[in-house]
Amino acid sequence: MSRALVVKVTCGAEDPERCNQAFTVAASAVAAGATVSLWLTGEAAWYGVPGRAEEFSLELATPLAALRDAVLAGGTLTVCTQCAARRGITEEDLLPGARIAGAALFAEEVLGDGVQALVY
């Protein structure tokens with residue numbers, strides 16, 4: 001049985017290294033066979049929308065869009081309900097496979113047996 005990892009990223013382009021670290025850890029965990037759930041909150045909510053991760057740039061880092069796509073291919077990508085609403089993001093705006101959900105589901109995920117949660 002694989003371990004479960006929930007990663008919450010709370011920043012976007014305003015803190016590019018921290019943001020990229022969260023995506024890197026999530027994508028690496030997917031590659032290692034973990035069950036991964038990546039939550040996008042605050043300014044990171046924009047990376048659930050097509051084209052936004054492609055605009056992100058950080059020298060010597062794996063492109064954010066590639067990391068995001070790895071998570072979408074093997075894990076779950078969730079945009080925070082309130083964060084999406086504050087930015088006018090709707091389900092129709094999201095990438096295929098991404099979803100919008102709130103704190104109740106986040107709490108349910110992180111309180112699961114054997115789950116490791118990381119917040120960036």
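**Close-up 1. The largest nonpolar core of this predicted model has 36 residues.** Within this core, the residues with the most contacts are V9, C19, F23, L38, L40 and Y47. At least two core residues come from each of the strands β1 (4–9), β2 (35–40), β3 (76–80) and β4 (98–101), and likewise from each of the helices α1 (16–31), α3 (64–74) and α4 (81–86). Helix α1 gives the most, contributing seven residues to the core. As a general background, nonpolar side chains in soluble globular proteins tend to be buried together.

**Close-up 2. C19 and the residues that it touches.** Leaving aside residues up to four places away in sequence, C19 is in contact with V9, C11, G12, Y47, F56 and L64. Of the residues named here, C19, V9 and Y47 are also among those with the most contacts inside the largest nonpolar core.

**Close-up 3. E109 is found in helix α5, which spans residues 103–110.** E109 counts as buried because its relative accessibility is 18%, and the cut-off for buried is under 20%. The side chain of E109 makes a polar contact with the side chain of W39, at 3.0 Å. When residues up to four places away in sequence are not counted, E109 touches V6, S37, W39, R99 and V115.

**Close-up 4. Strands β3 and β4 run parallel and are joined by four bridges.** In this pairing, C80 stands opposite A101, a residue of β4.

Technical notes: Residues are numbered from 1 along each chain as its sequence is written. This is a predicted model: local features need pLDDT of at least 70, side-chain atom pairs count only at pLDDT 80 or more; totals for chains, interfaces and linings use all residues. Side-chain values use heavy atoms; hydrogens and water are left out. A nonpolar core is a set of buried Ala, Val, Leu, Ile, Met, Phe, Trp, Tyr and Cys residues joined through side-chain atoms within 4.5 Å. Buried means under 20% relative accessible area, exposed over 50%, partly exposed in between (1.4 Å probe, protein chains only). Contact means heavy atoms within 4.5 Å. A polar contact is a pair of N or O atoms within 3.5 Å; within protein, one must be able to donate a hydrogen and the other to accept it, and residues adjacent in sequence count only if both atoms are side-chain atoms. Two strands pair if DSSP finds at least two bridges between them.
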